[in-house]
Amino acid sequence: MAQVVIVGAGPTGTTLALLLVKRGITVTLVEAATDFYRVFRGEGLMPSGLDALAKMGLSEILEQVPHRQFDAWEIILGKKSLFRVEEPMETNTSGCTLVSQPPLLEALIAQSQTYPQFEFLQGVSVKDLLWIDNRIVGVKLSDRREIKASVVVGADGRNSIIRRSAGLHLDREPNDINILWFKLASSPQFESENVFYAVSNGDKSFGLFHGAEEGKLHLSWILFTKEEIDTSEESLGDRKPAQWASLFAQNAPSWMAEHFLKNADTITRPIKLSVVVGRCQKWYAPGLILLGDAAHPMSPIRAQGINVALRDVIVAANHLVPLLLTSSPNAAIDEALARIQAEREPEIIRAQQLQAEEATQAEILRKYAFIRPLMFQVARLFRNKIRQSWIERQHDMRVGVTQVQLNV
């Protein structure tokens with residue numbers, strides 16, 4: 001019998017599995033996907049996430065997989081630069097780094113597989129939970145196997161099957177965030193320094209940056225209205241790369257527009273992301289804990305998902321390892337599950353509040369078209385104050401709200 005079954009081999013599941021097996025705990029990690037390249041995976045590691053990896057002793061693994069640092073952030077309004085902020089923003093923290101998730105996950109699993117108490121089941125899904133006397137004691141797999149465990153960890157993302165099976169309720173934000181995600185060819189201009197460009201022109205907004213993958217730019221086109229969402233759904237298969245390039249170019253400064261038009265034939269068909277955002281009132285049930293996006297799906301704003309998830313992992317390990325090593329009774333384990341949520345929830349609440357504030361700023365620019373030209377003019381007059389305010393708003397999202405230390 002495994003001491004812990006972890007469902008979902010994303011950053012949350014793979015890092016927790018490695019932490020536990022290193023400490024002598026038997027773990028079965030279950031992943032429904034047959035490989036790590038078939039779904040969209042965020043790449044942004046903030047200082048808080050880099051710090052979490054360092055505390056877990058995993059910085060060396062990061063160095064072994066494709067990654068790329070951010071050099072600056074630039075806000076562009078109405079095709080003109082409003083302000084730019086260099087990385088690192090604060091002298092006492094690291095900058096932001098993009099990491100290619102599939103190679104990172106493969107490296108973490110490979111290291112876990114060097115420990116005899118680790119089992120990895122890939123390409124098999126969890127169909128239901130096992131219950132005995134109102135306590136979750138394991139999982140039922142799609143191939144009819146059953147795996148029993150002292151603790152089940154739901155790390156299976158924002159559309160968590162484990163959350164649903166356990167009857168845990170997700171309080172969703174009223175509006176999902178809808179994004180079209182593209183890749184296109186880079187150029188020396190973007191490779192010499194990696195700047196995250198946040199571009200707003202009229203009611204159109206997108207982000208552009210060089211990803212961790214060599215020679216590839218990422219572009220995230222934000223869909224605000226139902227009409228935009230419905231139209232994009234109909235045209236995903238019909239629009240040619242040149243049409244997408246023209247749309248991007250119409251809303252970009254001239255030097256960026258030139259790149260889109262010149263590299264139109266490299267623009268990939270977009271992935272449509274409907275991002276659920278919310279937070280569970282309760283992350284745990286007897287014998288089970290949800291972590292990462294399964295417990296608190298984050299907005300893509302300022303790349304919080306992977307970072308807060310890695311911090312969830314550290315806190316979960318601190319509470320669970322001593323109990324699992326001493327074969328503590330189920331009641332003690334279940335009390336620890338509640339303490340994990342209590343310790344992590346304040347940071348999650350604050351991070352989601354900050355993300356909502358950032359989204360509100362963008363919504364004001366988009367919604368009030370009749371005063372938008374005046375707003376743009378005022379923004380340029382007060383650009384230095386706006387820049388400083390923007391930097392101050394980033395602090396907690398970059399470094400975290402609470403102190404997280406690995407104590408086991």
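**Questions on a predicted chain**

Colleague: Pro329 lies in the loop between which two helices?

Modeller: The model is predicted, so local features need pLDDT of at least 70 and side-chain atom pairs count only at pLDDT 80 or more, while totals for chains, interfaces and linings use all residues. Residues are numbered from 1 along each chain as its sequence is written, and side-chain values use heavy atoms, without hydrogens and water. Helices (H or I, at least four residues) and strands (E, at least two) are DSSP runs, numbered from the N terminus. The loop that holds Pro329 lies between helix H10 (305-325) and helix H11 (330-367).

Colleague: Is Pro329 buried or exposed?

Modeller: Buried means under 20% relative accessible area, exposed over 50%, and partly exposed in between (1.4 Å probe, protein chains only). Pro329 has a relative accessible area of 55%, which means that Pro329 is exposed.

Colleague: What distance separates the C-alpha atoms of Pro329 and Ser150?

Modeller: Along the chain, these residues are 179 residues apart. In the model, their C-alpha atoms are separated by 9.4 Å.

Colleague: Of the contacts in the chain with a separation of 6 or more, what share comes from residues 24 or more positions apart?

Modeller: The chain comes to 13 helices and 20 strands, and 55% of its 408 residues are buried. A contact means heavy atoms within 4.5 Å. Among contacts with a separation of 6 or more, the share from residues 24 or more positions apart is 74%.

Colleague: How many residues of strand E10 are buried?

Modeller: Strand E10 covers residues 135-141 and is largely enclosed by the rest of the structure. The reason is that the number of its residues that are buried is six of the seven.

Colleague: Which residue of E10 stands opposite Leu129?

Modeller: Two strands pair if DSSP finds at least two bridges between them. Strand E9 (residues 126-132) is joined to E10 by six bridges in the antiparallel sense. Opposite Leu129, the residue in E10 is Val139.

Colleague: Which residue in the turn between E10 and E11 has a positive phi?

Modeller: E10 pairs with strand E11 (residues 146-154) over three antiparallel bridges, and Val139 stands opposite Ile147 there. The two strands form a hairpin with four residues between them. In that turn, a positive phi of about 75 degrees belongs to Arg144.

Colleague: Which strands stand at the edges of the seven-strand sheet?

Modeller: This open sheet has mixed pairing and the order E6-E5-E14-E15-E16-E13-E17. Each edge strand has a single partner strand, so one side of each is left without a neighbour in the sheet. The edge strands are strand E6 (80-86) and strand E17 (271-275).

Colleague: At what angle does helix H9 run to E15?

Modeller: Axes are lines fitted to C-alpha atoms, for helices over the stretch in contact, and angles run from 0 to 180 degrees between N-to-C directions. Helix H9 (residues 254-262) lies across strands including E5 (72-77), E14 (195-201) and E16 (216-223). To strand E15 (204-210), the angle of H9 is about 75 degrees.

Colleague: How are H1 and H4 oriented relative to each other?

Modeller: The axes of helix H1 (residues 11-22) and helix H4 (residues 101-112) come within 9 Å and cross at roughly 20 degrees. Angles under 35 degrees count as roughly parallel, over 145 as roughly antiparallel, 65 to 115 as roughly perpendicular and the rest as oblique. H1 and H4 are therefore roughly parallel.

Colleague: Which residues of H4 make the contact with H1?

Modeller: H1 contributes Pro11, Thr14, Thr15, Ala17, Leu18, Val21 and Lys22. From H4, the contact residues are Gln101, Leu105, Leu108, Ile109, Gln111 and Ser112.

Colleague: What is the bridge partner of Leu45 in E7?

Modeller: Three strands form an open antiparallel sheet in the order E3-E7-E4, with strand E3 (44-45) and strand E4 (67-69) at its edges. Two bridges join E3 to strand E7 (residues 97-99). The partner of Leu45 in E7 is Thr97.

Colleague: Just after H2, which residue takes a positive phi?

Modeller: In helix H2 (residues 47-55), the buried residues are Pro47, Ser48, Gly49, Leu50, Ala52 and Leu53. They pack against E3, helix H3 (59-63), E7, H10 and H13. Just after H2, a positive phi of about 75 degrees is taken by Gly57.
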